[in-house]
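Please look over the sequence and the 3D structure shown below before reading on. The notes that follow go through them topic by topic.

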Amino acid sequence: MKLLKFFSPISLFINNLSAKHIFFSSLLCFVFLFFPKTLQFSLLFLLIFFILALLKRQKILVLPQIIISAFMIASSLYTPVGQVLCTIANFPITKDALFLGLKRSSFLCSMVFLSQYAVGKNLKFSGTFGNFIATVFSIFSSLTSENIKFSKQNIIKVIDDRLFEVYEKQKINLFQNNIKSSYKLHQILLPYFTPIVISLIFFLLQNPFV
Amino acid sequence: MKENKIRAKSCFCYEIAFFVALCMFLSAIEVAIPKPLPFMRLGLANLPIILALPIVNARQYFFISIMKIFVQTLVSGTLFSYVAVFSFTGSISSSTAMFLLWQIAKKTCLISFLGISITGALFNNIAQLLMSVLFLFKENTRYIAFLLLLSGFITGVLLGFFAIYFANNSQWYKKIIEENTSIL
């Protein structure tokens with residue numbers, strides 16, 4: 001909490017930024033994640049993105065990241081490389097293998113924290129893609145608006161009734177509000193998916209875990 | 001009639017958005033189901049992908065698959081992470097396998113949603129294992145491979161039976177098929 005208080009001006013600044021600007025700047029940061037080749041820089045990036053995510057969300061889950069990091073480091077240590085640092089129950093802990101494990105896990109955790117920083121509640125997309133996403137979220141919101149009471153006999157019946165009801169209601173809603181319900185696929189995919197696909201290709205070509 | 005054909009060829013409709021929202025809804029339900037290990041999932045969110053097979057064309061089908069991953073990772077805050085890369089490769093490979101199998105099967109009627117579901121689950125797991133060999137655990141992936149494939153097969157069977165039962169009993173699905181056979 002003391003850390004959050006220390007960074008409170010930055011937190012205020014981040015929360016005043018537009019959700020869309022944060023999203024696209026994070027996309028740019030995602031590409032920069034591939035550049036550090038040393039462990040020190042990877043850990044620095046991890047720290048920066050952790051603080052940013054923490055400042056934005058105030059609360060983040062770290063346990064899943066710790067578990068996956070432990071698995072990755074253990075997997076890396078399984079193949080001994082370099083100088084032996086110590087031995088635990090006849091199992092040698094080697095320097096290069098440990099550093100490699102740390103580097104891979106810090107990269108993975110950086111990506112997760114960056115994602116948590118990038119995506120916020122107020123994120124709204126513009127244009128055709130934005131309309132589509134808004135329709136999806138509107139349907140999802142209707143599907144989850146009331147609690148579903150499950151019992152052993154009627155699980156499928158209850159889900160089906162809810163789907164039928166929302167399907168009809170939302171369809172009428174779309175027509176009444178004159179919301180466009182059909183688009184060309186490339187209108188949705190191109191503007192937003194092009195940078196994401198480029199980032200993915202970059203990810204696959206760089207193979208940051210080697 | 002001509003307008004309907006154009007609509008089917010170049011557009012996506014309200015139904016596509018509904019299928020994507022259903023994927024989100026089912027993944028929310030899945031969170032509530034207890035799992036023995038974090039990576040062992042029932043894959044309920046794949047149900048709309050299976051159910052959409054008789055309704056949509058190839059472009060619309062892959063569009064649903066991509067959007068499913070996008071909205072799921074957007075909601076869970078893992079859009080720029082390895083989770084998204086793994087989900088993307090798994091879903092695209094399973095969707096491709098299921099779609100190709102469906103194209104062969106719909107003419108011969110030799111395969112049901114059960115076979116489609118098992119194929120999809122296995123291709124999803126194989127793709128994720130390959131990604132794990134390339135990026136995460138390298139050759140040590142072999143220690144989790146059997147467990148992952150076995151769990152994939154079991155969940156594929158369960159989801160396949162669920163899909164058959166749902167398709168035969170759901171009023172919503174019957175309606176959506178009736179409406180769309182007149183369009184597509």
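Of the 210 residues of chain A, 43% count as buried, where buried means under 20% relative accessible area, exposed means over 50% and partly exposed lies in between, using a 1.4 Å probe and protein chains only. This is a predicted model, in which local features need pLDDT of at least 70 and side-chain atom pairs count only at pLDDT 80 or more, while totals for chains, interfaces and linings use all residues. Residues are numbered from 1 along each chain as its sequence is written, chains are lettered from A and ligands numbered from 1 in the order in which they are written, and side-chain values use heavy atoms, with hydrogens and water left out.

**Helices and strands**

- Chain A has nine helices and three strands, these being DSSP runs numbered from the N terminus (helices are H or I with at least four residues, strands are E with at least two).
- Read from the N terminus on, the elements of chain A follow the order α-α-α-α-α-β-β-α-α-α-β-α.

**Salt bridges**

- Side chains of opposite charge can pair when their charged atoms come close.
- A search of the whole structure finds two salt bridges over all chains, a salt bridge being a side-chain nitrogen of Lys or Arg within 4 Å of a carboxyl oxygen of Asp or Glu.
- One of them joins A:Lys157 to A:Asp161, with the closest N and O atoms 3.0 Å apart; because these residues are four apart in helix α8 (residues 155-176) of chain A, about one helical turn separates them.
- A:Lys157 is exposed, at a relative accessible area of 51%, whereas A:Asp161 is partly exposed at 38% relative accessibility.
- A:Glu168 forms a salt bridge with B:Lys175, and here the closest N and O atoms are 3.4 Å apart; A:Glu168 lies in helix α8 of chain A and B:Lys175 in helix α8 (residues 171-181) of chain B, so the pair joins two chains.
- A:Glu168 is partly exposed, with a relative accessible area of 26%, and B:Lys175 also counts as partly exposed, at 23% relative accessibility.

**A residue at a helix end**

- A:Phe32 belongs to helix α3 (residues 19-32) of chain A and counts as partly exposed at 45% relative accessibility.
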